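Thanks, everyone. I will go through a few local features of this structure and then stop for discussion.

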Amino acid sequence: MNAVVQDLWGDFADSTVFDRPPASARGYRSAVPSPYFLTTARQASWLPEAKRLLIELSELPPNWDSYGGKPLSPAMRAEASALLEQIAEPGLPMPAIVPTTDGSIQFEWHERDIDLELRIRSQSLAELFFEDGRGVVPPIEEDLRYDLTPFRRALEVLLAR
Amino acid sequence: MPLAYADDASITDEEQLLRRVPPRWIVPDANNAGRRRVSSAAFDDPEMSVDLASVREALGEPLTTCLAGHEGFSIVSLLAGVVRERNQAVCRDPLPDNPAHGLVVGRKTGSIKKHFSTHCIWIVGPG
């Protein structure tokens, strides 16, 4: 597990402006059960593409959205990358990776009659929205602080369908 | 902190509120025959900028005026009545270079943003 975590920060190894953040800045990680730290062999094939997209979003020009949008911040990029590492299980479709005006990001799935969105507000706060178009699973709309268990459960519904 | 805006009753529920959408906010929607939809990220701002279509029309300008200088962007329209149903205030906020500018003010939860995403109409769709 440690090797995977270290690799996540490899991009920043030579950076003089972004050192590996303290543990307190990586709140989600401790909240996710260890099976969600996946080895390469068990990762979804879309993970490299998703990581490339995160880099692209970190290079967006100022005002990219015409509403004063900021590029994805290095800290948020690292957080998003770590989260993708945790959830990129084979069988899980690639999320739409959508930048937000404030330099953050959200992940979206609109398939299998499910709408699932995770909007990352900060390194310790995310907004979860889940809706099952078939009405089988009750909707979820919840602010998540540190504990991403409801998000993980929503992913399990998507994976199982 | 409360937002210092009040709903403007002179803006009718039938008013079209035009929102410019960058390409990054358009996502695939496999739940809708693979069509594309506007991401809820487009409706996240508690003080969301829009153009009032009636002001554009009164000025004799096309609804696409807000796309000037924004190649590849789209425009969607939300009815003022639709956003008011979700506890949003609709205000005029004319700017020196945009007399049609307005704001949709209020906290936008996930379900509110989804409602806007599924109730907006393409005025200029993605290319």
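A word on numbering before the details: helices and strands here are DSSP runs, helices of at least four residues and strands of at least two, and they are numbered from the N terminus. Please also keep in mind that this is a predicted model.

Let me begin with backbone angles in chain A. Most residues other than glycine have a negative phi. A:Asp113 has a phi near 65°, a positive value in a residue other than glycine. Where is A:Asp113? A:Asp113 lies in the loop between strand 2 (105-111) and strand 3 (114-122) of chain A. With a relative accessible area of 32%, A:Asp113 is partly exposed, because that class covers what falls between buried, under 20%, and exposed, over 50%.

A:Tyr146 is another case: its phi is positive, about 75°, and it is not a glycine. This residue sits in the loop between strand 5 (140-145) and helix 5 (149-160) of chain A. A:Tyr146 also counts as partly exposed, at 44% relative accessibility.

Next, the aromatic rings. How many aromatic pairs does a search of the whole structure find? Over all chains, there are 4. In one of them, the ring centres of A:Trp64 and B:Trp25 are 5.7 Å apart and the planes stand at 80°, so this pair is edge-to-face. The pair crosses between chains: A:Trp64 is in the loop between helix 3 (47-58) and helix 4 (74-87) of chain A, and B:Trp25 is in the loop between strand 1 (16-21) and strand 2 (26-29) of chain B. Both A:Trp64 and B:Trp25 are buried.

B:Trp25 also pairs with A:Tyr67, with centres 6.1 Å apart and planes at 10°, so that pair is stacked. A:Tyr67 is in the loop between helix 3 and helix 4 of chain A, and this pair crosses between chains too. The relative accessibility of B:Trp25 is 0%.

What is the strand order? This open sheet of 6 strands runs 6-7-4-1-5-8, with antiparallel pairing. Strand 6 (89-92) and strand 8 (121-124) are at the edges with a single partner strand each, so one side of each has no neighbour in the sheet. On average, neighbouring strands are turned by 40° against each other, direction ignored. Strand 4 (residues 47-52) and strand 7 (residues 101-105) of chain B pair in the antiparallel sense over 5 bridges. Within strand 7, B:Gly102 is the bridge partner of B:Val50.

How values were computed
Residues numbered from 1 in each chain as written. Chains lettered and ligands numbered in written order. Predicted model: local features only at pLDDT ≥ 70, side-chain atom pairs only at ≥ 80, totals over all residues. Heavy atoms only, no water. Pairing = 2+ DSSP bridges. Axes fitted to C-alpha atoms, helices over the stretch in contact; angles between N-to-C directions. Buried < 20%, exposed > 50% of the residue type's maximum accessible area, 1.4 Å probe, protein only. Phe/Tyr/Trp six-rings, centres within 6.5 Å; stacked < 30°, edge-to-face > 60°.
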